[in-house]
Structure formats: structure tokens, C-alpha cells
Amino acid sequence: MEHTTTKLLFRTEQKNSKTRDIDLRIEDQIPLSKLNEVEVETKELSGGMLDQSTGIITWNVKIPAGKSIKKILKYQVRYPKSMKLLLE
């Protein structure tokens, strides 16, 4: 069976425009597959913690006053060529 691999990358940036440091919790999610023939592999989490049971990635960050942070989420999905998947 032939497979296709789709790679996805998401960037997020948060800026602290306050005059004091802030603590921030950021959450995102990768897809979870219930099918054996569809594999989701995490490639980069920028220090985030992945909950394997929900696919939720959490970043707990401190952003200094006037500064910004960037986080990258990268994963790939491998599935049979005959299958149609909507990945966004």
C-alpha cells in the first residue's frame, strides 16, 4: 500500500505590551488518529508539553515587559494515498 506524508508547521507569536512581566499559558492541539493506517508524528514543540491522550500541547511561559516570544508546532501525518484527509 502506498502512503502519503503531509508535513504541517504552525507559528505563534505573543507580545507583552505591558510594563511588567506576564505569565501566560498557551495551548494548541495536534490531531489524534483512531485508525491504524493513519500515523501522526510530532516533529517540534518548542518546549511545549504534549498530553498523548488528548493531543493538547501546553506552554507555560513568562514574557518580559515589552518583549515577545515565538513558538513553533510541527508534525507530520502519514496515511494511505487512497484516503482523503482534510489537514489544517
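Strands β3 and β6 (residues 68-80) pair in the antiparallel sense over five bridges. Strands here are DSSP runs of E with at least two residues, numbered from the N terminus, and two strands pair if DSSP finds at least two bridges between them. The model is a predicted one, in which local features need pLDDT of at least 70 and side-chain atom pairs count only at pLDDT 80 or more, while totals for chains, interfaces and linings use all residues. Residues are numbered from 1 along each chain as its sequence is written, and side-chain values use heavy atoms, with hydrogens and water left out.

Glu39 has Arg78 as its bridge partner in β6, and Glu44 stands opposite Lys74 in β6. On β1, the pairing with β6 is also antiparallel and runs over 13 bridges. Here Glu13 stands opposite Lys70 of β6.

Together these three strands form an open sheet in the order β1-β6-β3, with antiparallel pairing. Its edge strands, β1 (3-15) and β3 (39-44), each pair on one side only. Neighbouring strands of the sheet are turned by 20° against each other on average, direction ignored; the axes behind this angle are lines fitted to C-alpha atoms, and angles run from 0 to 180 degrees between N-to-C directions. In a regular strand the side chains alternate between the two faces of the sheet.

The next topic is the nonpolar core. Such a core is a set of buried Ala, Val, Leu, Ile, Met, Phe, Trp, Tyr and Cys residues joined through side-chain atoms within 4.5 Å. Buried means under 20% relative accessible area, exposed means over 50%, and partly exposed lies in between (1.4 Å probe, protein chains only). The largest core has 15 residues, and those with the most contacts inside it are Ile57, Val61, Leu73, Tyr75 and Val77. Two or more residues each come from β2 (22-29), β5 (56-63) and β6, and β6 gives the most, with five residues. Among the residues that Val61 touches are Ile22, Leu24 and Ile69, leaving out residues up to four places away in sequence; contact means heavy atoms within 4.5 Å.

Tyr75 also takes part in an aromatic pair. Rings of Phe, Tyr and Trp (its six-membered ring) pair if their centres lie within 6.5 Å; planes under 30 degrees apart count as stacked, over 60 as edge-to-face and the rest as tilted. By this rule the count comes to one pair. Phe10 and Tyr75 form it, stacked at 6.2 Å centre to centre with 25° between the planes. Phe10 belongs to β1 and Tyr75 to β6, 65 residues apart, so that the pair links distant parts of the chain. Tyr75 counts as buried because its relative accessibility is 4%, whereas Phe10 counts as partly exposed because its value is 32%.

Two polar residues complete the tour. Gln14 lies in β1 and is buried, with a relative accessible area of 16%. Its side chain is joined to that of Thr12 by a polar contact of 2.5 Å. A polar contact is a pair of N or O atoms within 3.5 Å; within protein, one must be able to donate a hydrogen and the other to accept it, and residues adjacent in sequence count only if both atoms are side-chain atoms. Lys62, in β5, counts as exposed because its relative accessibility is 51%. A polar contact of 3.2 Å joins the side chains of Lys62 and Asp23.

Technical notes. Helices (H or I, at least four residues) and strands (E, at least two) are DSSP runs, numbered from the N terminus.
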